[in-house]
Amino acid sequence: MNISTYNSILFALQIGAFVAICVMIVSFIAMIIQWESPRRGRHIMRLLLSLAIIVGCIVVHQAIWRNLLLPRHREQQMAEQEAERAKQLDESSVLKTGDEAPEFSLTLTDSKDFSMSEARGDVVLINFFATWCGPCRMELPHIQKIWEARKDNPRFRLLVIGREETMETVTLFCEDQGFTFPAAPDPDRVVFSMFAHDLIPRTLVISPEGKIIFSQVGFYEPDVEKLETLLDEQLTNLPEEKSTPVEESE
């Protein structure tokens, strides 16, 4: 049903309801005036019939709105939101899907080191957050679940990076929230600036070939399932150990 058809039906319902209201008012007045006459029953019937027509018009309108127009309205809103998210992602990103992931290294809160060059050949999930960021706090429990479900896979790497955070703030935050995933601070935005200009939370997936294959900004819970599906697809066909290049003999 298009808007023109909906407007025509709505106009017809409004006219019908208006006529029914007029009849109901006249019937009510006539019923009061002729209360003692035999016609009282007719006026009552017209009043009740008019009331039923009004209720019917309202029910039909609500049914059309809820079953036909509301879903379409929601789809349109979702499409507009997706377009706005895509625009924000594009404008705020330095690197985009299909680009080569940059080389960098960070020291984790457990004093171990993470290096993108060493992670080459694995599936890498990177998440940028800040301790003050509300959407980040909503997203990180999902990142923790992703870590718990896949941490035993030797080909899966996860790095949660605190933008403009110190080693102390990241460590205390993870301990306070019960997060066990690998985390590291990026106090001067050095690593973040390789990927983006601004906006967090920001999540990326790097393929074993070192390409960015997933990039999103902000937290939207429906995206978590898409992210998990992509990770599992990437991990499914990988051997448990990385293959070492064979040196050519002279």
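Modeller: On the surface, Ile21, Ile25, Phe28, Ile29, Ile32 and Ile33 make up a nonpolar patch with about 580 Å² of accessible area together (Shrake-Rupley, 1.4 Å probe, only the protein chains shown as cover; patch residues have over 30% relative accessible area and no salt bridge, with nonpolar side chains joined within 5 Å and like charges within 9 Å; a salt bridge puts a Lys or Arg side-chain nitrogen within 4 Å of an Asp or Glu carboxyl oxygen). This is a predicted model, so local features need pLDDT of at least 70 and side-chain atom pairs 80 or more, while totals for chains, interfaces and linings use all residues. Numbering starts from 1 along each chain, and side-chain values use heavy atoms, without hydrogens or water.

Phe28 sits in helix α1, residues 3–33 (DSSP runs: helices H or I, at least four residues; strands E, at least two; numbered from the N terminus). Phe28 counts as partly exposed because its relative accessibility is 45% (buried is under 20%, exposed over 50%, partly exposed in between).

Seven of its seven residues are buried, so the rest of the structure largely encloses β3. Val123, Leu125, Asn127 and Phe129 point one way, while Val124, Ile126 and Phe128 point the other.

β3 runs parallel to β4, joined by seven bridges (pairing takes at least two DSSP bridges). One link partners Ile126 with Leu159 of β4. Next, β4 (residues 156–163) pairs with β5, also in the parallel sense, over four bridges, and Val160 stands opposite Ala183 in β5.

Put together, the open sheet has five strands in the order β5-β4-β3-β6-β7, with mixed pairing. β5 (183–186) and β7 (212–217) are the edges: each has a single partner strand, so one side of each lacks a neighbour in the sheet.

Technical notes. Buried < 20%, exposed > 50% of the residue type's maximum accessible area, 1.4 Å probe, protein only.
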